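Subject: Structure for you to look at

Hello,

Here is the structure I said I would pass on. Below it are my notes on what was found in it.

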Amino acid sequence: YKGPTLLEALDLLEAPSRPSDKPLRLPLQDVYKIGGIGTVPVGRVETGVLRPGDVVTFAPANITTEVKSVEMHHESLAEAIPGDNVGFNVKNLSIKDIRRGFVCGNAKNDPPKECESFTAQVIILNHPGQVGNGYSPVLDCHTSHIACKFAMIESKIDRRSGKEVEKEPKAIKSGDAAIVKMVPQKPMCVESFVEYPPLGRFAVRDMRQTVAVGVIKSVAKKEASSGKVTKAAVKAGKK
């Protein structure tokens, strides 16, 4: 054996490249109100970088404000990178304005938006009956849990090759893969898997089990109507 020792082999491992060069996406896991500080949303940075002083937008509510500080494990950070679980303090927002499942992004760099509908490749894992148009189960995507309607099963595809087997089937059953147009029943923010992988995967829950999984191919975003922009964001924008 002429190769490296175990420890040498470990030293040779390359760290995975983190998607910090992409625009910021941070799905909120929780929002706290901390006395003397204010409103503190908490979540994991999935892509991009979050820094104090950034002007951020929360989708789907389309609320824009300034980040005062960023903390991880009670220590202030100059920047948070993908994989960091952080709490960050936002100005002029009440705890009622934002909630779990919202997505935070940079207001100036491809800000996140509410989606009208999205097209996904869905694989039915275990469903006792058939799934047809109009089925509205709960989708778990990043930190949001929202009912989404299977508005249109566009095509049934071969799981291995991805080739279309049947156009606009009436229904699909366990083991089938399909391209489906889905419409969220409440405001929701998702992204395509290609652009933001962590926000483009979902599980379909019904009858207390996962009945299907999917990846999002494309998203039809709502053109943001004027949302709430806090005074802090306006001030920071002038800097």
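Two strands count as paired if DSSP finds at least two bridges between them. The model is predicted, and the notes below should be read with that in mind.

**Strand pairing around S15**

By that rule S15 and S16 are a pair: six bridges join them, and they run antiparallel. In this pairing Asp 206 stands opposite Gln 209 in S16. The two strands form a hairpin with two residues between them. Met 207 lies in the loop between S15 and S16, and its phi is near 55 degrees, a positive value in a residue other than glycine. With a relative accessibility of 43%, Met 207 counts as partly exposed.

S15 also pairs with S10, through four bridges and again in an antiparallel arrangement. Here Leu 139 stands opposite Val 204 in S15.

**Nonpolar cores**

In soluble globular proteins, nonpolar side chains tend to be buried together. In this model, the largest nonpolar core has 24 residues. Phe 118, Val 122, Met 182 and Phe 202 have the most contacts inside it. Two or more residues come from each of strands S8 (115-124), S10 (138-141), S11 (144-157), S14 (177-184), S15 (201-206) and S16 (209-221). Which strand gives the largest share of this core? That is S8, with five residues.

Leaving aside neighbours within four places in sequence, Met 182 is in contact with Ser 117, Phe 118, Ala 120, Val 122, Leu 139, Cys 148, Lys 149, Phe 150, Ala 151 and Phe 202.

**The annotated domain**

UniProt, in an unreviewed entry, places the feature "domain: Translation elongation factor EFTu-like" at residues 38-104. Over residues 38-104 the chain is 0% helix and 48% strand.

**Backbone details**

The peptide bond from Ala 59 to Pro 60 is cis, with omega near 5 degrees. Pro 60 lies in the loop between strand S3 (55-59) and strand S4 (63-72).

Glu 168 is another residue other than glycine with a positive phi, near 45 degrees. Its place is the loop between strand S12 (164-167) and strand S13 (171-172). Glu 168 counts as partly exposed, at 49% relative accessibility; the cut-off for exposed is over 50%.

**Salt bridges**

How many salt bridges does a search of the whole structure find? It finds 10.

- Arg 44 and Glu 46 meet through their side chains at 3.2 Å, N to O. Arg 44 is partly exposed, with a relative accessible area of 36%, whereas Glu 46 counts as buried at 16% relative accessibility.
- Glu 66 and Lys 91 meet at 3.4 Å, N to O. Glu 66 lies in strand S4 and Lys 91 in the loop between strand S6 (85-90) and strand S7 (103-106), so this pair ties together parts that are 25 residues apart in sequence. Glu 66 is buried, with a relative accessible area of 7%, while Lys 91 counts as partly exposed at 27% relative accessibility.
- Asp 97 forms a salt bridge with Lys 228, and their closest N and O atoms are 3.0 Å apart. Asp 97 lies in the loop between S6 and S7, and Lys 228 in the loop between S16 and helix H2 (231-238), so the pair ties together parts that are 131 residues apart in sequence. Asp 97 is partly exposed, with a relative accessible area of 21%; Lys 228 also counts as partly exposed, at 36% relative accessibility.
- Arg 25, Asp 110, Glu 191 and Lys 221 are linked in a network of salt bridges.

Regards

Methods
Residues numbered from 1 in each chain as written. Predicted model: local features only at pLDDT ≥ 70, side-chain atom pairs only at ≥ 80, totals over all residues. Heavy atoms only, no water. Core = buried A, V, L, I, M, F, W, Y, C linked by side-chain atoms within 4.5 Å. Buried < 20%, exposed > 50% of the residue type's maximum accessible area, 1.4 Å probe, protein only. Contact = heavy atoms within 4.5 Å. Salt bridge = Lys/Arg side-chain N within 4 Å of Asp/Glu carboxyl O. UniProt positions renumbered as here; feature names shortened; annotations may be inferred.
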